Amino acid sequence: MSLNSAWFVLLAFTLAVYAILDGFDLGLGAIHLRLGRTRQERERLIDTIGPVWNGNEVWLLAAGGSMVVAFPNLYAASFSGFYLALMLVLWLLLLRGLGIEFRHQIHHPMWEDAWDVVFALSSALLALLFGVALANVLRGVPLDDTGVFRGTFTVLLNPFSLLGGVLSVSTLALHGACWAALRTDGDLQLRARRFASMLWTPSALLLLAVIAASFVVRPGFAGNFTRHPILFAFPLAAAAALASNRVSIARHQDRRAFIASSAYIAGVLGSVAAGLYPTLLPASGSGTPLDIYNAAAPPQSLRIAMVVYLAGLAIVSVYLVAVYRVWKGKAGAVYR
């Protein structure tokens, strides 16, 4: 495997880990007003992600960092073309953090309710924007002959990308409900299980709709799969994980349901990466797409950055494993 390909795999891996880890707390935030019927229940739901949500976001920074050091042309195109979208993401990340932290500062019903709404809306909109972004990467964006983005923010809000955004919200909400069922007990746990069961069918139907639409907006997407049949392992793994998620929810096997929803997200993102390789950002018109060669840094920079990056990921991984081990168990038993 070439160094450029290794960086592609590393970038896809980092984004998949972010989607799985921050995905459940985004999904939980989007649905916590529906799951929690009282302020105490909503506080308990937030407590399930309290020690880990900011650590989960480190993987988003790691993905951005990998673009800077390995694919600077991709970083430049993304931050110039998607400037307004990225500013929205930063503001929503900020509001979401404030919603979690400020809620506990003043014990007044209006104050707590207001920050609960901020937390829910910012979480849902973040899930929507991430889905819109991924769908646009799959569809392609307007690039010129030098790989520079030549569109506007409204171009990114096309029917296919909005469909991808709705799929993202439903998938992460399902993921968040599985997490809530795993980390709570009593009525809250039963409600989370019912909500996960209710979300499963629309999530599966939305996935089928996005797959069908993908062949319309990007007919050549299946090329890598026909040339290398081993890549079908990704969509097959995603389908098996989604089916396992359904069975596990029905049997009240909360840990298996959460692991299955994590594997489902990894399988879907792996399928997208396998279909795109070696392209990083496709062009929707006659422009030049950015791939792992024309967007990459010089080889010497890639080698040095790989060593530093892997060392950093190892440290972050050890820290997160330690945090999850310390705060394992039901949220009620940990925080009360």
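The model is predicted, so local features need pLDDT of at least 70 and side-chain atom pairs count only at pLDDT 80 or more, while totals for chains, interfaces and linings use all residues. Residues are numbered from 1 along each chain as its sequence is written, and side-chain values use heavy atoms, with hydrogens and water left out.

**Stop 1: Arg96**

Select Arg96 and Asp22. Their side chains meet in a salt bridge at 3.8 Å, N to O; the term stands for a side-chain nitrogen of Lys or Arg within 4 Å of a carboxyl oxygen of Asp or Glu. The pair links distant parts of the chain, with Arg96 in helix α6 (residues 83-102) and Asp22 in helix α1, 74 residues apart. Helices are DSSP runs (H or I, at least four residues), numbered from the N terminus. Arg96 counts as buried because its relative accessibility is 0%; buried means under 20% relative accessible area, with a 1.4 Å probe and protein chains only. Asp22 is also buried, at 0%.

Arg96 and Glu57 form a salt bridge with 2.9 Å from N to O. Glu57 sits in the loop between α3 (53-56) and α4 (58-70), 39 residues from Arg96. Its relative accessible area is 14%, so Glu57 is buried.

**Stop 2: Asp116 and Arg42**

Select Asp116 and Arg42, a salt bridge whose closest N and O atoms are 2.7 Å apart. Asp116 belongs to helix α7 (residues 109-139) and Arg42 to helix α2 (residues 39-49), 74 residues apart. Asp116 is buried because its relative accessibility is 0%, and Arg42 is buried at 10%.

The whole structure has 11 salt bridges.

**Stop 3: the second largest pocket**

Select Trp179, Leu182, Arg255, Phe258 and Tyr324, which are the closest to the centre of the second largest pocket among its 17 lining residues. A pocket is an open set of points on a 1 Å grid over the protein atoms alone where a 1.4 Å probe fits, with protein on both sides within 12 Å along at least five of seven lines; lining residues have an atom within 4 Å of a point. This pocket has a volume of about 480 Å³, the space filled by probe spheres set on the points.

Colour α1 (3-35), α8 (159-183), α12 (254-276) and α13 (299-326): each supplies at least two lining residues. The largest share, 4 residues, comes from α1.

Methods: Buried means under 20% relative accessible area, exposed over 50%, partly exposed in between (1.4 Å probe, protein chains only).
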